[in-house]
Amino acid sequence: MYKHFLKFLIDFVIVCCLLLIMWPVLLLIIIWLYYANRKAGVFFMQERTGKNAKIFKAIKFKTMTDERDKEGNLLPDSVRLTRIGKVVRSLSIDELPQLFNVLKGDMALIGPRPLLPKYLPLYSSEQSRRHEVRPGITGWAQVNGRNNISWKKKFELDVWYVDHMSFWLDIKIFFLTIKKVFVREGINMEGMATTEPFNGNN
């Protein structure tokens with residue numbers, strides 16, 4: 001019952017309460033990023049894979065400028081990532097707009113992280129099981145290594161969560177996430193601004 005009904009209901013109520021409390025902070029962050037990103041925009045929308053491999057548009061705070069080289073190509077992520085953007089990422093604030101994805105039913109507060117649709121053909125049948133539940137803003141893999149573990153290990157943790165999902169496990173992940181954010185563990189691999197792409201082997 002929790003997996004098929006109560007989880008969404010609980011998420012919906014929690015998100016509504018959070019948005020009522022946090023809207024002044026969110027407004028301040030929007031203004032802050034607007035100027036930090038040099039008017040390149042505040043939100044970043046990207047197609048992601050949800051439950052049953054359904055494609056949806058996930059929304060995040062934009063943490064990079066749109067600076068390009070003389071040929072018109074975007075500069076490397078590490079160059080475009082602003083100082084404010086680094087803070088926003090380190091505290092996982094860039095994930096907050098996904099609360100609206102939760103309200104829409106595309107995502108859950110807790111679940112496997114939604115990944116790019118281009119990875120779909122690369123999953124094994126076992127790895128594809130991560131799509132049996134709605135993806136989450138945070139998840140079991142995020143509190144067990146986040147970006148400092150291999151893709152293979154992440155998928156193993158995602159499938160483990162699918163098989164063991166419960167209210168109490170979600171509560172545990174919630175509090176572990178808070179701990180990870182404050183100690184800033186596993187934000188990204190050393191020397192990288194973004195996570196290494198999945199190629200089916202790593």
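Author: By class, the second largest pocket is lined by five nonpolar, one polar and five charged residues. In this division Ala, Val, Leu, Ile, Met, Phe, Trp, Tyr, Cys and Pro count as nonpolar, Asp, Glu, Lys and Arg as charged, and the others, Gly among them, as polar. The model is a predicted one, in which local features need pLDDT of at least 70 and side-chain atom pairs count only at pLDDT 80 or more, while totals for chains, interfaces and linings use all residues. Residues are numbered from 1 along each chain as its sequence is written, and side-chain values use heavy atoms, with hydrogens and water left out.

The lining consists of Lys3, His4, Phe5, Lys7, Phe8, Lys51, Ala108, Glu132, Val133, Arg134 and Met165. A pocket is an open set of points on a 1 Å grid over the protein atoms alone, with protein on both sides within 12 Å along at least five of seven lines; lining residues have an atom within 4 Å of a point, and a cavity is a set of points where a 1.4 Å probe fits but cannot get out. Helix α1 (residues 2-36) contributes the most to this pocket, with five residues. The space in the second largest pocket is about 160 Å³, where a volume is the space filled by probe spheres set on the points, and grid points are joined across faces, edges and corners.

The model also holds one cavity of 30 Å³ or more, with about 40 Å³ of space in the largest cavity. Phe44, Gln46, Arg48, Ala58, Lys60, Gln98, Arg113 and Pro114 form the lining of that cavity, which divides into three nonpolar, two polar and three charged residues. Strands β1 (43-49) and β2 (55-61) each supply at least two residues of this lining, and β1 gives the most, with three.

As for the whole chain, there are six helices and four strands; these are DSSP runs numbered from the N terminus, helices being H or I of at least four residues and strands E of at least two. Along the sequence the pattern reads α-β-β-α-α-α-β-β-α-α. The radius of gyration is 17 Å, close to the 17 Å that the globule rule gives for 202 residues, so the chain is as compact as a globular protein of that length. That radius is taken over C-alpha atoms, and the rule is 2.2 Å times the number of residues to the power 0.38.
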